[in-house]
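Open the model in your viewer and keep the selection tool at hand. The tour goes from one selection to the next.

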Amino acid sequence: MTHTARDSAQPPRIALTTYLQDAKWGVWDAKAAILPATYLEAVVAAGGTPLLLPPLGTDTSVLDLVDGLIVVGGTDVDPGNYDAEPHPSTRSQPARDDHDIALTLAALEKGVPLFAICRGAQILNVALGGNLIQHVPDVLPDSNYQPAPGVYGEVEFRSVPGSISAELLGEEASAPVYHHQVLDQVVEGLCVTARAADGTIEAVESTRGGWALGVQYHPEQNPSDLRLFEGFIEAARRYRDGEPHLPSTPSASTERSWA
């Protein structure tokens, strides 16, 4: 099945992955497919129509019906996906990993614009054969990427000239951040395009031709700055209309954090 052509006047349809876990609403306390509203609000504000993909009944052919995919943040990626033993602090949901990895690989194969956020960027790297540092304080004791439970920090980073990140944000930017794991070895097919001053990888992009951006931070938590979402929605609009993506990503490089 190929991508379904649609009216160019319609907003791009954007699929988003979701969590499947215990939740409360009204008098109910049960397992539910959920997603923080900040992701949905950012997609709508940037001009897209959000569609939710729960991590059940995974069917990658659904990507033929949409114009872009966002793999959202959340719990840790299971280290079994990159042949590592779990750190004492690691909390994972393997079924969700399977869902997100399958959709990520399908999006890359089909050329569907892909925006991978925090855990999503980690999924992107792991799906292609890369690995993660499971607990940043083990290697950067003074790091402040997860200041307190439920409290976002702020990261400043520099983007590589010619990258999607630099095109949309400029060569210097900052963003909300909340994570304790980061990309380590970045594999062929991805290029590191932004780093924090301490060496932490903050953005990676595809070198394979399609629009694909993974960021370690949380742009959805800054509604006053929708530049990344607007750039992604524009890429989805071009994809829907059959316009080829013209890669601006710098030459591929295999890098790791704090190399």
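This is a predicted model: local features need pLDDT of at least 70, side-chain atom pairs count only at pLDDT 80 or more; totals for chains, interfaces and linings use all residues.

Start by selecting residues 201–206, which make up strand β12. Of its 6 residues, 6 are buried, so the strand is largely enclosed by the rest of the structure.

Ala-194 sits opposite Ala-203 of β12. The two strands form a hairpin with 4 residues between them, and Gly-199 in the turn has a positive phi of about 100 degrees.

Now select residues 212–215, strand β13, which pairs with β12 in the antiparallel sense over 3 bridges. Here Glu-205 has Leu-213 as its bridge partner. This is also a hairpin, with 5 residues between β12 and β13; Gly-209 in the turn has a positive phi of about 110 degrees.

Next come the charged side chains. How many salt bridges does a search of the whole structure find? There are 9.

Select Lys-110 and Asp-64, whose closest N and O atoms are 3.1 Å apart. Lys-110 belongs to helix α2 and Asp-64 to the loop between β4 and β5, so the pair ties together parts 46 residues apart in sequence. Are these two residues buried or exposed? Lys-110 is partly exposed at 32% relative accessible area, whereas Asp-64 is buried at 4%.

Stay in helix α2 and select Asp-100 and Arg-96, which lie 4 residues apart, about one turn of the helix. Their side chains meet in a salt bridge of 3.7 Å, N to O, and both residues are buried.

Finish in helix α5, residues 227–240, with Glu-234 and Arg-237. Their closest N and O atoms are 2.9 Å apart in a salt bridge.

Conventions. Residues are numbered from 1 along each chain as its sequence is written. Side-chain values use heavy atoms; hydrogens and water are left out. Buried means under 20% relative accessible area, exposed over 50%, partly exposed in between (1.4 Å probe, protein chains only). Two strands pair if DSSP finds at least two bridges between them. A salt bridge is a side-chain nitrogen of Lys or Arg within 4 Å of a carboxyl oxygen of Asp or Glu.
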